[in-house]
Amino acid sequence: MKDIQMERDSAEKWIDPYLDEFRDDMSRKCKTTDDMVPTTEVAAVSRIVLTVPTLPLTKLPVGLVSADVLVCGDPSRATRIAERLENVKILSENREYRALQGFYKGTSITVCSHGIGAPGASIAFEELIRAGAKRIIRVGTCGSLQNHVLTGDVIIATSSVDYTGYAREVVPPGFPAVADMDLTMKLRSSAIKNGVEAHCGLILTRDSFYRGVNRSIQAAPDYLLLSQARVLCVEMESSTLFIVGTLRQVQTASILAVDGNVLSAPENMDSYKPHEVVVYNATEKCIKIALDAIAGSDA
């Protein structure tokens, strides 16, 4: 863990509460206390890393991100994923973006959180690519739009119905949000090898989570109509990943754990229960499937 690399505006600002949080998050990765980095050493490392160009919003070091990347919304899930890697180091943490790097079956992998929603997620995707990413897989959660797709199931997205303001600003109307076929097939193959019967197909990506006052079809997606059109689920970032991937010519894919059914229980603070054991287990399956898919990717 002594190769931790972290950029800060100045060495003096580095020694802050983040260090305590990082120690707590990653302590399980350290075999002995000798693996932990003394505060003085971290400060010394930070002075060196200050010479490495970093990106403005994620603080990612340019050129140091792995070609293979897993992304997720929750920074704590990024840490969960990193716990499966070897020789883990932290690349950066700023705002909702926590980036760690390690090795899985000999393959260098970067893990980065992107927060909730298209605009913030697009920033993570763009800066990851600028910093070196060539293949990005989202490991996320979603709400089912089909009665046969149950809580705890796994979905591999082939494309997404985009219902975001982000897309309206960056691509022409009707621009398709499509996952990379080769990377998606690697996910499918990995799911089969891991004994997981994943649903594969079309999903929906939207901006809002809790309902507002405007329920017209022009302002918000009609879940029942989309269900009839065989859309499997709804989430908030995958179409953005697919669009960025197409624009920047990198491979993208998405694998999702189902955390409820929005037809029977629309999103609200009383019915939404994303922390149940069945959802946790499904995300663990998604993480394993995605890592194995990447480990089998061509360099």
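At 74% relative accessibility, Gln 249 counts as exposed, where exposed means over 50% relative accessible area, buried under 20% and partly exposed in between (1.4 Å probe, protein chains only). Gln 249 sits in the loop between α9 (238–248) and β10 (251–261); helices (H or I, at least four residues) and strands (E, at least two) are DSSP runs, numbered from the N terminus. Its phi is positive, about 60°, although Gln 249 is not a glycine. Most residues other than glycine have a negative phi.

A word on the model itself. This is a predicted model, in which local features need pLDDT of at least 70 and side-chain atom pairs count only at pLDDT 80 or more, while totals for chains, interfaces and linings use all residues. Residues are numbered from 1 along each chain as its sequence is written, and side-chain values use heavy atoms, with hydrogens and water left out.

Another positive phi turns up at Asn 87, a residue other than glycine with a value near 50°. Asn 87 belongs to strand β2 (residues 86–94), and at 61% relative accessibility it counts as exposed. The strand as a whole is mostly covered, though, with seven of its nine residues buried. Strand β2 pairs with strand β3 (residues 97–104) in the antiparallel sense, over six bridges; for two strands to count as paired, DSSP has to find at least two bridges between them. Across this pairing, Glu 86 stands opposite Phe 103 in β3. The hairpin of β2 and β3 has two residues between the strands, and there Arg 95 takes a positive phi near 55°.

Helix α7 (residues 181–193) comes next. The helix has 13 residues and reaches 18 Å from its first C-alpha to its last, close to the 18 Å expected at 1.5 Å a residue; the expected span is 1.5 Å times one less than the number of residues. Its buried residues are Leu 183, Thr 184, Leu 187, Ser 190 and Ala 191. These residues cover an arc of only 120° around the axis, which puts them on the same side of α7, the arc being that of the directions from the helix axis to the C-beta atoms. An α-helix has 3.6 residues a turn, so residues three or four places apart point the same way. On the other side of α7, Met 181, Ile 192 and Lys 193 are exposed. The buried residues of α7 pack against β5 (135–144), β6 (154–163), β10 and α10 (277–295), with contact meaning heavy atoms within 4.5 Å.

Both ends of α7 have something to show. Following the helix is Gly 195, whose phi is positive, near 70°.

Ser 239, in helix α9, is buried, with a relative accessible area of 0%. Its side chain is joined to that of Asp 162 by a polar contact of 2.5 Å. Not counting residues up to four places away in sequence, Ser 239 touches Ser 160, Asp 162, Thr 164, Ala 177 and Thr 205. Ser 66 lies in the loop between α3 (39–49) and β1 (68–72) and, at 5% relative accessibility, counts as buried. The side chains of Ser 66 and Gln 101 are joined by a polar contact of 3.0 Å. With residues up to four places away left out, the contacts of Ser 66 include Ser 108, Ile 109 and Gly 132.

Ile 116 is in the loop between β4 (107–113) and α5 (118–131), where 73% relative accessibility makes it count as exposed. Leaving aside neighbours within four places in sequence, Ile 116 is in contact with Met 236 and Glu 237. Glu 96 is 20 residues from Ile 116 in sequence and 8.8 Å from it in space, C-alpha to C-alpha.

As for cysteines, the structure holds zero disulfides, a disulfide being a pair of cysteine sulfur atoms within 2.5 Å. For Cys 72, the nearest cysteine sulfur is that of Cys 112, 7.9 Å away. Cys 72 counts as buried at 0% relative accessibility, whereas Cys 200, at 37%, counts as partly exposed.

Conventions
A polar contact is a pair of N or O atoms within 3.5 Å; within protein, one must be able to donate a hydrogen and the other to accept it, and residues adjacent in sequence count only if both atoms are side-chain atoms.
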